[in-house]
Every structure is written in structure tokens, then in C-alpha cells.
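Biologist: I am new to this structure and would like a close look at a single part of it. Please take me through that part step by step.

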Amino acid sequence: MRMEVGMTPQRVESIARRGESAEPSGDKRETDETGSSHHVMSLSDPRVFKYLKDVDNLLVTHLFTYQPSDKDEDDKDVCPICLLDFDELFSNFDPDNAEIPSNLAVTLECKHPVHLDCAKEIFKNNNKQYLSCPICKRVFGGVLTGTQPSGGSMSVQRQSFSCAGYESYPTFEITYNFSPGLQGPEHPNPGRPYHLSGFPRVAYLPASEEGTLLVKMLRVAFERRLVFTIGTSHTTGMPDSVVWGGVHHKTSPSGGSHGFPDPTHLQCLKEELNKLHVFETDVSEKTE
């Protein structure tokens, strides 16, 4: 899946050469509930131009300067990655300084601070496709993708019977299937076959307004390879198996330990999808 970023590298470099700012004129400054002030780094600053040359454009468009609030020594912010203090602040450096230290304090778009070097490691660990906050788990500059085997299918059919507890609605019958294949470099044992047990797998949701939205969100999650992964099957104990990836499904419309009725299931499912950064705004307007 293609990752969306804010600006092309050519656009960033062009802005920096002309001495313009990527933001509207004026110093964009915000203050959070802790009193910390955060303002956007100006791309016309020579220090930032050097910074642009060293890191990917995606980092530039989603990192901001960090200014700590006045706190006691024991209550100072620390980097959630390396757990070290923020000793190097962007405001401490001469504009003509050719070097920007890797332990410079920067702020993610969610206003959580990290060291520049740690932000670069987050970016690297995400295959240089997006930034993710280690505190609030928000994703910036792209979408979170998983390790579900490629080439699977998800089909949805509307059935006339109802899920227990939702007798006023018909039911969405969701069928997942995969073909045999080999594990990729993102899997536990690259090059080995993965095992398929219990496929095709069938799950159910009521065809209510909320259920319709959740089916669409599940499709987004499936396209992002987030619904399944490869690991050890809890049912068979077999390693290298295609297993659920943490999104709980109801596999029976009525009865059983994984079936309806369950008045909390729809809300819990939505929260699980949100934790995987699948939101209502990701859903297309097309109907199932």
C-alpha cells in the first residue's frame, strides 16, 4: 500500500532554498495541558536545511521543536525510547552551526517529545514509511501495516438470519481465506511454508448501522494486513500457522464461547480496530 506524505523531497528543498516556511507566515505555537510550548520548525532555518539533508522528508513534516516547561529536576520529561533526559534543545544552537546533535529534543505531531536520533530509529523500524508515537501509538505520515500473508481474500454476504441479541437485523457473514504459500522476510521463518488450519474462516456481524461500519473498517484492516498474522496456533499448537492478529471475531451467530449474544462486542471490536489505527475516516463511502 502506498504511503502518503505531506510534501515531496523536491518541494521541501525548493522551499528551503527560497527561504520560505512550510507553514503559514508567523510562528505557529501551541501549548498543551502541561504548559509545554511547541512550535513548528521553520524550513528556512539553516540548521533545519542541514537537518533536511540528513533525514527523510517524512520526518521533517511530522517533527516539531521542543521547549520544556518549568519543572522540578525530578519531574523533567525523559525520552520514552532511551529514557534519557532532554539535554540538547533546538534553541541552544547557533544558526550557523553545521551540526545538529542526534540527541536533540524534538516533538512528534501529538506533542510527545523524543530525541531526534530515537525518532530516526522509530522511522527506520517502520521501514521508513511512517512515524509512530511510542506513548499514544498514533501514526503520522502513512498507515500502519501488519504481517498478514499476502494474497488472501475477504468476502461479505448478507444473510437473512439474525445474530443473537440483534433479532431486528439480518447478518453479515464474513469469509476469510488464504492460499498456501511461503513466509516472507517479515515473518518468523522466511522461506518456510505457513500452515492453514480452519480456513476458510467465517465470522458474523449484525447488519445494523454500526455493524455495517465495522464490516467496512474490517475490510480496511484486512487490506492493511492487520487481521491475521503468522505464529503458533492456540488450537493446534502448530508453529508457522496463520492465526488471528488480535482483532476478535464472533465465529457463531448464536451460542458458543465465540458467538453471540454479546452486547459489548461491537464496541470492543471498534476499539481494537482504532488501536490498529483503523478509524471511521478510513472507510470509503461505498456500501457492502
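Leaving aside its neighbours within four places in sequence, which residues is Tyr176 in contact with?

Modeller: Bearing in mind that this is a predicted model, Tyr176 is in contact, once its neighbours within four places in sequence are left aside, with Ser153, Met154, Phe199, Pro200, Arg201, Leu218, Phe222, Val227, Phe228, Trp244 and His249. Tyr176 belongs to the largest nonpolar core, which has 36 residues, and together with Leu205, Leu218, Phe228 and Leu273 it touches the most other members. At least two residues of this core are supplied by each of β9 (171-177), β10 (201-206), α5 (209-223), β11 (228-231) and α6 (265-275), and the largest share, seven residues, comes from α5. Apart from this core lies another one, of 17 residues, which includes Leu116, Ile122, Cys133 and Phe140.

A second residue to look at is Phe178, which is found in the loop between β9 and β10. Phe178 counts as buried because its relative accessible area is 6%, which falls under the 20% cut-off. Again leaving aside neighbours within four places in sequence, Phe178 is in contact with Gln148, Pro149, Gly152, Leu196, Phe199, Phe222, Phe228 and Val242. Phe178 and Met154 are 24 residues apart along the chain, and their C-alpha atoms are separated by 9.2 Å.

As for the setting of this part, the protein has six helices and 12 strands, and 43% of its 288 residues count as buried. Among the contacts in the protein with a separation of 6 or more, 60% are accounted for by residues 24 or more positions apart.

Note on methods. Residues numbered from 1 in each chain as written. Predicted model: local features only at pLDDT ≥ 70, side-chain atom pairs only at ≥ 80, totals over all residues. Heavy atoms only, no water. Helix = DSSP H or I, 4+ residues; strand = E, 2+ residues; numbered from the N terminus. Buried < 20%, exposed > 50% of the residue type's maximum accessible area, 1.4 Å probe, protein only. Contact = heavy atoms within 4.5 Å. Core = buried A, V, L, I, M, F, W, Y, C linked by side-chain atoms within 4.5 Å.
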